[in-house]
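This report describes the secondary-structure layout and packing of one protein chain. The sequence and structure come first.

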Amino acid sequence: TLAVNLSDLAAMGAKPRWVLLAGSLPEANEEWLATFANGLFACAKRYAVDLVGGDTTRGPLNLCLTALGEVPAGKALRRDGAPPGDDLWISGQPGLAALGLAHLQKQIVLPEALQARCITALQRPLPRLELGLALQNGALAHAAIDVSDGLLGDLGHILEQSAVGAVISEDALPLAPLQAACGDAALAFRACTAGGDDYELLFTAPAAHRAEVGALAGQLGVPLHRIGAITPPDQGLRLRG
């Protein structure tokens, strides 16, 4: 609940500060509330966020969290700043959460060694706040979005808002770990490009910043994959096989 909202701040290069939690609960289950609170405050502590208010009521289980953060005026990473010629980057390993969900729904059977990694990616996503802040502080990126609805789907928001096109190289996508996990090349491709729930950062940056962006991978311990480029709008979105 908290991590996926902090991910929106990460995509804008903002520093998270406060959160408000509104929720409806079917009953006052003390064991459930204690477990939820432990998880919520552990995440809040990790990212130096304070819970400053909210509200609760009786009803079907529903948790609505509002996250607030700070960014220097005019410096926020937006979806409408990608120009033709920019490199297109994705962080981490998109597709793990989709494979974890497929395993839990018994659509596939993951090897035991990879089950925990994929299910954790789905159930305990990590907002890329350090990466977002580094991109914003260093003025390295022109546009960014977090991947919640699938890489291609969320890329579409950048292309629409920036009025540009894009070309993605299939060879540059991080497909090998997914193929090794599920043994199905087609499923691995769908998970990577359309799976959703990854909460990785998809961003564009000038080719002149390629070395600096690449160096962030080592500094932050986060894989960064250059998967394509932004193109003029008349070329649309293309996937190069």
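In this predicted model, Val-52 lies in strand β2, which covers residues 50–58. Val-52 also belongs to a nonpolar surface patch, together with Trp-18, Leu-20 and Leu-68. The accessible area of the four residues together is about 310 Å².

Strand β2 is part of an open sheet of 3 strands, ordered β2-β1-β3, in which the pairing is mixed. Strands β2 and β3 (62–70) are the edge strands, each pairing on one side only. From one strand to the next, the twist averages 15°. Strand β1 (residues 15–25) runs parallel to β2, and 8 bridges join the two. Within this pairing, Asp-50 in β2 is the bridge partner of Trp-18.

Two helices pack on the sheet, as listed below.

| Helix | Residues | Strands touched | Angle between directions |
|---|---|---|---|
| α1 | residues 2–10 | β1 and β3 | about 30° with β3 |
| α2 | residues 30–46 | β1, β2 and β3 | about 165° with β1 |

How do helices α3 and α4 pack? Helix α3 (residues 96–104) packs against helix α4 (residues 112–123) at an angle of about 105°, and their axes are 7 Å apart. Angles of 65 to 115 degrees count as roughly perpendicular, so α3 is roughly perpendicular to α4. On the α3 side, the contact involves Leu-96, Ala-97, Leu-99, Gly-100, Leu-101, His-103 and Leu-104. These meet Gln-115, Arg-117, Cys-118, Ile-119, Ala-121, Leu-122 and Gln-123 in α4.

Notes: Residues are numbered from 1 along each chain as its sequence is written. This is a predicted model: local features need pLDDT of at least 70, side-chain atom pairs count only at pLDDT 80 or more; totals for chains, interfaces and linings use all residues. Side-chain values use heavy atoms; hydrogens and water are left out. Patches are made of residues with over 30% relative accessible area and no salt bridge: like charges are joined within 9 Å, nonpolar side chains (Val, Leu, Ile, Met, Phe, Trp, Tyr) within 5 Å. Accessible areas come from the Shrake-Rupley method with a 1.4 Å probe; for residues, only the protein chains shown count as cover. A salt bridge is a side-chain nitrogen of Lys or Arg within 4 Å of a carboxyl oxygen of Asp or Glu. Helices (H or I, at least four residues) and strands (E, at least two) are DSSP runs, numbered from the N terminus. Two strands pair if DSSP finds at least two bridges between them. Axes are lines fitted to C-alpha atoms, for helices over the stretch in contact, and angles run from 0 to 180 degrees between N-to-C directions. Contact means heavy atoms within 4.5 Å. Angles under 35 degrees count as roughly parallel, over 145 as roughly antiparallel, 65 to 115 as roughly perpendicular and the rest as oblique.
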